[in-house]
Amino acid sequence: MTSPDLSALETPLLLLDEARMQRNIARMQQRMDALGVRFRPHAKTSKCAEVVRRQVAAGAQGITVSTLKEAEQFFAAGIDDILYAVAIAPSKFDHALRLVRAGCRLTLLVESVAAAEQLAAHGRAHGHSHRVLIEVDTDGHRSGIPPEDARLLAVAAALVDDGAELAGVLTHAGSSYGLDTPAALEAMAEQERAGCVRAAERLRAAGHACRVVSVGSTPTALHARRLDGVTEVRAGVYVFFDLVMAGIGVCGVDEIALSVLATVIGHRPEAGWIITDAGWMAMSRDRGTARQALDRGYGLVTDLDGQPIAGLSFGEANQEHGVLQWHGAPGTGLEQRFPLGSQLRIHPNHACATGAQHAAYHVLPAEGSAPQTWPRFSGW
């Protein structure tokens with residue numbers, strides 16, 4: 001592969017390899033189609049209408065978001081089937097209602113009786129029935145109600161009201177991010193499926209329709225053997241992948257579509273340091289690989305073709321300075337090998353976090369495409 005000509009670009013900036021992204025989109029959609037479920041990608045990863053359009057073109061049905069600002073932006077871009085997959089707070093009820101009245105098919109999430117009662121009261125007061133899912137905890141990772149917990153039926157009862165409609169249940173096996181073997185990931189995918197399906201069964205037995213059974217994370221989506229009883233799957237970071245996903249074992253480094261372009265701005269030969277203009281403001285503070293077998297520091301340093309550079313790591317960062325460490329043979333001419341003004345690419349630990357540091361993607365086009373810049377927006 002010939003290195004792209006990026007010399008005229010002012011760094012640091014976010015690069016998106018379009019061909020890799022398209023392969024990632026196709027891989028996930030083909031898997032969901034084979035498993036017979038609707039796929040609702042989590043758009044918090046990209047926060048970019050151009051990316052989501054490609055996911056929808058591949059077969060995605062609706063999207064997931066993590067903020068109402070994201071819902072607003074994607075609705076304005078023409079996506080109207082949106083799941084807000086974070087338990088809603090009362091201060092956001094009016095915002096949600098404005099989106100619905102503008103034509104957005106918005107689904108909300110609750111995980112407590114209090115939230116269900118307050119949301120139903122809000123809908124009733126405004127002559128509207130909010131469409132709601134109950135969050136189910138299938139792995140003790142974060143939030144939600146365990147499938148066998150009595151509160152599940154109590155929340156459902158609070159939603160049987162003119163101001164709310166119980167549409168179903170949702171879970172996210174976030175603890176899958178801490179696993180790293182196919183067997184463990186397959187087991188977690190089944191635990192996620194079985195727990196959410198069980199919650200739906202309990203609700204149906206109590207007289208609730210519970211049409212939606214929504215599960216998902218990138219690791220479990222790519223390792224589920226069966227999805228009996230599930231109606232839809234959500235996953236987000238798969239669209240770009242990142243070093244945490246590579247460490248888990250769900251992708252290879254050569255499948256990561258996102259990188260930060262950095263420029264060498266100085267050297268400390270006596271310390272074996274190469275200084276770049278991409279510090280933690282460009283990469284984010286996320287050090288997710290520190291908990292994995294292979295700690296990538298602030299990112300994996302590669303050449304312009306995206307090939308990792310042996311002997312070079314990224315272990316220190318200041319706000320605007322990246323401090324790369326050379327671990328190769330001492331006396332290597334760092335100033336000659338990595339001269340002032342030369343460029344490097346750095347793959348991120350967490351694509352969502354690194355993307356959030358930038359306002360746009362500079363797209364490395366797939367064959368036959370022209371270079372483009374795709375805007376991305378803030379989530380708040």
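This is a predicted model: local features need pLDDT of at least 70, side-chain atom pairs count only at pLDDT 80 or more; totals for chains, interfaces and linings use all residues.
Which residues have the most contacts inside the largest nonpolar core?

Residues are numbered from 1 along each chain as its sequence is written, and side-chain values use heavy atoms, with hydrogens and water left out.

**View 1. The largest nonpolar core and the surroundings of Ile 134.** The largest nonpolar core has 103 residues, and those with the most contacts inside it are Leu 106, Ile 134, Val 169 and Phe 240. A nonpolar core is a set of buried Ala, Val, Leu, Ile, Met, Phe, Trp, Tyr and Cys residues joined through side-chain atoms within 4.5 Å, where buried means under 20% relative accessible area, exposed over 50% and partly exposed in between (1.4 Å probe, protein chains only). Helix H7 (residues 182–205) gives the largest share of this core, 7 residues; helices (H or I, at least four residues) and strands (E, at least two) are DSSP runs, numbered from the N terminus. When neighbours within four places in sequence are left aside, Ile 134 is in contact (heavy atoms within 4.5 Å) with residues including Leu 109, Ile 145, Leu 166, Val 169 and Leu 203. A second, separate core of 7 residues includes Leu 83, Ala 85, Leu 109 and Leu 133.

**View 2. The crossing of helices H1 and H2.** The axes of H1 (residues 18–35) and H2 (residues 49–58) come within 10 Å and cross at roughly 40 degrees, which makes H1 oblique to H2. Axes are lines fitted to C-alpha atoms, for helices over the stretch in contact, and angles run from 0 to 180 degrees between N-to-C directions; angles under 35 degrees count as roughly parallel, over 145 as roughly antiparallel, 65 to 115 as roughly perpendicular and the rest as oblique. Glu 18, Met 21, Gln 22, Ile 25 and Gln 29 in H1 meet Val 51, Arg 54, Gln 55 and Ala 58 in H2.

**View 3. Helix H4 beside helix H5.** Here the axes of H4 (residues 93–101) and H5 (residues 113–125) come within 11 Å, crossing at roughly 50 degrees, so H4 is oblique to H5. From H4, Phe 93, Asp 94 and Leu 97 meet Ala 115, Gln 118, Leu 119 and His 122 in H5.

**View 4. Val 37 in a loop.** Val 37 is found in the loop between H1 and strand S2 (38–39), and it counts as buried at 9% relative accessibility. Not counting residues up to four places away in sequence, Val 37 touches Met 32, Leu 227, Val 230, Thr 231 and Val 233.

**View 5. Arg 204 and Cys 210.** Arg 204, found in helix H7, counts as partly exposed at 37% relative accessibility. Beyond its neighbours within four places in sequence, Arg 204 is in contact with Ala 209, Cys 210 and Val 213. Cys 210 lies in the loop between H7 and strand S8 (212–215) and is buried, with a relative accessible area of 0%. Phi of Cys 210 is near 50 degrees, a positive value in a residue other than glycine.

**View 6. The cis peptide bond at Pro 12.** A cis peptide bond, with omega about 0 degrees, joins Thr 11 and Pro 12, and Pro 12 has its place in the segment before strand S1 (13–17).

Terms used: A crossing is left-handed if the near helix is turned anticlockwise from the far one by less than a right angle, and right-handed if clockwise.
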